[in-house]
Amino acid sequence: NQFIRKVKSLEVTKGKKVPLYFAINLHDKGKPKQQGVIEEMEKMFGDRVIPTVIRNLAGYEDATFEGKGALEYSSREAKKEIVNFTNNLIRIIKTL
């Protein structure tokens with residue numbers, strides 16, 4: 001809360017929105033509390049929450065273990081998430 005108050009104060013002082021975005025990672029859909037956190041963040045921060053959630057997939061760990069990135073590894077799910085996440089970042093950066 002203190003961090004958010006500081007950001008909002010800075011926005012008032014500067015008279016514009018601070019380019020601050022939140023990425024949700026290591027998400028586990030099987031844990032209901034985690035879904036609640038995402039919903040709360042979306043309520044509080046709206047479009048500042050990057051829409052692609054990076055899940056806690058074995059593909060990321062396996063890729064790291066083999067010294068590869070998610071795009072190089074064989075996990076289609078991990079590749080899809082990273083591509084979607086990157087596309088969302090590019091869209092955000094273009095609006096700055």
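The buried residues of helix α4 pack against α3 (58–65). Contact here means heavy atoms within 4.5 Å. Buried means under 20% relative accessible area, exposed means over 50%, and partly exposed lies in between (1.4 Å probe, protein chains only).

This is a predicted model, in which local features need pLDDT of at least 70, side-chain atom pairs count only at pLDDT 80 or more, and totals for chains, interfaces and linings use all residues. Residues are numbered from 1 along each chain as its sequence is written, and side-chain values use heavy atoms, with hydrogens and water left out.

**The helices**

The chain has four helices and zero strands. Both kinds of element are DSSP runs, numbered from the N terminus: helices are H or I with at least four residues, strands are E with at least two.

| α1 | 2–14 |
| α2 | 32–45 |

**Helix α4**

How far apart are the end C-alpha atoms of α4?

A78, E81, F85, N88 and I92 of α4 are buried. Seen down the helix axis, these buried residues fall within an arc of 95 degrees, so they line one face. The arc is that of the directions from the axis to the C-beta atoms. On the other side of α4, R76, K80, I93 and K94 are exposed.

**The cores**

A nonpolar core is a set of buried Ala, Val, Leu, Ile, Met, Phe, Trp, Tyr and Cys residues joined through side-chain atoms within 4.5 Å. The largest one has 10 residues: I4, V7, V18, L20, F22, I24, I38, M41, F45 and V49. Helices α1 and α2 each supply at least two of its residues. The largest share, three residues, comes from α2. Apart from this core lies another, of eight residues, including I50, I54, Y60 and F85.

L20 touches F3, V7 and R48, leaving aside residues up to four places away in sequence.

**The whole chain**

Along its principal axes, the C-alpha trace spans about 50 × 30 × 20 Å. Buried residues make up 29% of the 96 residues.

F65 lies in α3. Is F65 buried or exposed? F65 counts as exposed because its relative accessibility is 77%. F65 and K17 are 48 residues apart in sequence, and their C-alpha atoms are 40 Å apart in space.
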